[in-house]
Amino acid sequence: MDASASKPKADGTDLPPTDPDKGLSAAEAAKRLAQFGPNALEERHKSLLQRIFGYFWGPIPWLIEAAAVLSLMLYDWADFAVISAMLIVNAAVGFFEENKADNAIALLKQRLAPSARVLRDGRWQSVEARLLVPGDIVRLEIGNIIPADLDLIGGDYMSADEAALTGESLPVDKKVGDTAYSGAVVKLGEMVDRVTATGMQTYFGRTAALVQSAERKSHFQQAVIRIGNFLIFSALGLVALILVVSVLRHDPFWETVQFALILTVAAIPVALPTVLSVTMAVGAERLARMKAIVSRLVSIEEMAGVDVLCSDKTGTLTLNQLTVETPRPAEGVSRDDLMLAAALACNAVGPDAIDQAVMAAAGGIAGLADYAVTKFTPFDPISKRTEAEATKGGEAWRFSKGAPQVILDLAKLEGAGRKALEDAVVDLANQGFRALGAARAKGEAWEFLGLIPIFDPPRPDAADTIAKARSMGLQVKMITGDHEAIARQIAGQLGLGQDIQPAGQLLEGDPAEVARRVRAADGFARVLPEHKFRIVQVLQDSGSIVAMTGDGVNDAPALKEADAGIAVSGATDAARAAADLVLTDQGLSIITEAIREARRIFERMTSYATFRIAETIRVLLFMTASILIYNFYPVTAIMIVLLAVLNDFPIMMIAYDHVAVAPKPVRWDMRRVITVATSLGVMGVVETFLLFWYADSVAHLPRDIIQTVIFLKLLVSGHMTLYVTRNQDWFWKYPLPSLKLFVTTEATQVIGTLIAVYGLLVTPIGWKLALIVWAYCLVWLPVEGALAMAIRRLYAARVARAA
């Protein structure tokens with residue numbers, strides 16, 4: 001016999017049936033525990049060493065590490081300490097980020113019931129939920145968290161709140177033969193059940209597995225890597241060329257190595273991730289003041305490029321609070337009589353969601369307090385109605401509410417009147433309303449009083465948020481576990497399209513066709529957690545940057561997978577842990593504000609990246625050309641250090657700069673960034689070479705004076721280039737630089753000028769030469785601006801033609 005034939009399935013579906021009167025024996029339970037594992041969520045961890053090693057592996061870390069080793073070899077302890085500290089700080093930040101998935105799993109685990117009532121060896125006992133095994137017989141009561149996936153095998157009825165798992169806004173009625181899911185909460189009833197799946201094999205466990213599997217590099221991280229690689233390989237190539245030529249010319253070897261080290265460390269983007277992270281941290285602080293907490297910094301940049309917003313319906317677009325719509329009293333019946341009867345037929349002691357909605361709508365009705373309820377029969381799936389017996393002034397009354405068909409049968413309503421009411425129920429269902437019927441009796445005959453539509457209303461600002469998101473170039477798609485009719489009714493109120501499709505059918509078939517259908521749909525109904533996860537993946541694979549909003553456990557995988565996951569106020573801990581942005585205040589308007597802030601940050605980061613690349617090319621290319629052509633180092637090692645330090649101050653102020661908000665989603669276009677930056681960098685080389693040629697060949701200035709002149713020119717012109725890169729239009733147009741950026745930039749230019757004029761660590765050049773350098777840089781500023789504008793327009797025209 002094939003050995004695999006006798007191997008049990010992972011979910012225990014092929015196990016022999018358990019005796020419902022005795023349950024499993026302790027020995028059999030122990031055997032199955034060893035076979036299937038504990039009823040707990042598995043966690044996948046890298047070892048501590050693997051995680052630490054990962055932070056020191058990659059192009060940027062390799063070069064920084066090489067610089068650190070070289071500093072150590074040359075006994076340059078200061079450089080070694082600074083570079084090593086930078087590596088350690090970056091590793092610490094990365095370690096914090098990597099704990100995100102583990103935190104999400106830990107919070108998912110907290111929803112599992114800590115204990116359960118289990119029948120073993122013929123007696124009921126309380127055991128830890130993690131010790132449950134497939135085949136165990138358990139008892140569920142009101143308030144229990146369901147500890148595993150179960151088949152219901154005994155009892156009259158049960159109502160379970162599965163909103164956090166499936167997105168269903170209403171409690172789900174259960175009967176013998178139905179399935180109950182791990183993590184749901186029992187709201188009404190009591191039943192005996194058989195465990196069918198535990199741990200990661202449960203519906204809840206598969207959700208946790210999806211959260212763990214959702215790992216990706218952000219577009220921001222990918223852009224940083226591309227920028228870093230470009231600068232690193234450019235720097236390495238040019239520095240290597242300088243080293244080779246210096247060796248062939250028999251220059252002092254260790255002095256050349258020392259110079260190459262300083263030039264390399266100054267040229268590579270060691271601070272690139274730090275500067276961009278500070279820029280995003282400033283944006284995160286602004287969002288925090290608006291009651292939105294950013295849990296993953298790079299998600300701010302991701303939101304700038306979001307072109308599809310997928311939003312969970314229940315609890316996100318809606319309040320997750322059932323509400324009574326306009327009651328439909330029967331002919332000759334007042335609204336107050338209808339609502340009074342329905343309210344008296346509610347469980348005032350332990351109301352469920354429907355009872356709470358009805359009692360809220362009936363509040364303030366005169367005469368309600370005149371009735372004294374003497375007996376209450378709760379809803380069950382068999383009778384499908386509630387009933388209350390009450391007295392008023394010594395007279396006995398009965399009141400009932402429930403499924404309209406049941407209440408119509410109770411009132412023995414027939415003929416055209418019944419047909420009209422049944423049509424009204426169908427019409428309400430098509431509009432997305434769940435209808436209740438209500439009746440009363442004084443004596444034996446029941447009187448039908450009318451219909452009460454109930455629904456989960458939209459959040460007050462949801463429609464406005466959706467309209468704003470659309471105006472900003474986003475597609476908005478609604479995702480819900482509810483039926484299509486309910487989804488269409490809410491979509492109509494929110495201004496969304498009516499093309500709502502059932503997710504299960506939509507995601508089946510050819511991948512290209514699935515992608516087309518998902519893109520075309522306005523929303524998705526009857527959605528399971530794996531459907532949400534898959535919808536996000538399909539949109540991402542077809543080229544979109546996707547934001548996902550949600551509040552429940554069932555939303556956690558999709559929130560984690562999305563480029564920007566947003567947990568709304570009142571979200572479960574699991575959803576908050578999986579999300580990148582957590583809203584702590586009521587309302588959704590903060591989402592569009594976060595997108596605006598993200599687009600501002602994107603512009604600031606683009607400005608920095610363009611400036612950093614241009615400056616690296618300007619310095620490195622000019623240095624290389626000078627050494628190769630003139631066999632002359634145009635700036636000293638200390639001048640390179642001064643340039644790097646003085647550049648850092650205005651660069652940090654980019655985080656506070658004024659920028660325009662793009663009207664549509666924006667993305668990293670590295671070809672455009674590198675094209676503009678390279679052009680400005682090459683122009684900077686031309687400018688500097690012309691000045692160097694004039695100073696050396698025409699003015700015949702001493703070489704040490706020329707070095708200071710070039711130092712001042714690189715500083716002043718470089719800072720002026722920042723004004724060109726920060727604005728996509730002419731540098732003098734709105735938005736003007738922020739006061740912080742302007743003051744810091746000009747202050748560092750003045751400091752650099754004073755260093756050059758009075759000779760602090762450099763040869764002094766006096767005010768005359770310094771002013772000539774300033775004038776020279778100012779003349780070139782509009783030329784650089786014209787070049788940048790021309791390239792941007794040519795590139796935009798090329799992109800438009802390609803589209």
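Modeller: A salt bridge here is a side-chain nitrogen of Lys or Arg within 4 Å of a carboxyl oxygen of Asp or Glu. The model is predicted: local features need pLDDT of at least 70, side-chain atom pairs count only at pLDDT 80 or more, and totals for chains, interfaces and linings use all residues. Residues are numbered from 1 along each chain as its sequence is written, and side-chain values use heavy atoms, with hydrogens and water left out.

Biologist: What makes aspartate 355 and lysine 401 a salt bridge?

Modeller: Their closest N and O atoms are 2.7 Å apart. The cut-off is 4 Å, so the pair qualifies. Aspartate 355 sits in helix α14 (residues 353-362) and lysine 401 in strand β14 (residues 395-402), so the bridge ties together parts 46 residues apart in sequence. Helices (H or I, at least four residues) and strands (E, at least two) are DSSP runs, numbered from the N terminus.

Biologist: Why is arginine 618 called buried?

Modeller: Buried means under 20% relative accessible area, exposed over 50%, and partly exposed in between (1.4 Å probe, protein chains only). Arginine 618 has 0%, so it is buried. Its salt-bridge partner is glutamate 784, at 3.8 Å, N to O. Glutamate 784 has 2% and is therefore buried too. Arginine 618 lies in helix α24 and glutamate 784 in helix α29 (residues 766-802), so this pair ties together parts 166 residues apart in sequence.

Biologist: Why is glutamate 395 described as partly exposed?

Modeller: Glutamate 395 has a relative accessible area of 35%, so it falls in the middle class. Lysine 442, at 48%, is partly exposed as well. These two residues form a salt bridge, with closest N and O atoms 3.0 Å apart.

Biologist: What makes a set of residues a nonpolar core?

Modeller: The members are buried Ala, Val, Leu, Ile, Met, Phe, Trp, Tyr and Cys residues joined through side-chain atoms within 4.5 Å. The largest such core has 79 residues; Met303, Met478, Leu581, Leu583 and Trp668 touch the most other members. Helix α24 (residues 589-630) gives the largest share, twelve residues. Another core, of 42 residues, lies apart and includes Ala362 and Phe433.

Biologist: Why is the pair of phenylalanine 622 and phenylalanine 689 called edge-to-face?

Modeller: Rings of Phe, Tyr and Trp (its six-membered ring) pair if their centres lie within 6.5 Å; planes under 30 degrees apart count as stacked, over 60 as edge-to-face and the rest as tilted. Here the centres are 5.4 Å apart and the planes stand at 80°, so the pair is edge-to-face.

Biologist: And what makes the pair of tyrosine 630 and phenylalanine 689 tilted?

Modeller: Their planes are at 35°, with ring centres 6.3 Å apart, so the label is tilted. Tyrosine 630 lies in helix α24 and phenylalanine 689 in helix α26, 59 residues apart. Ring pairs link Phe622, Tyr630, Phe632, Phe689 and Phe692 into a cluster.
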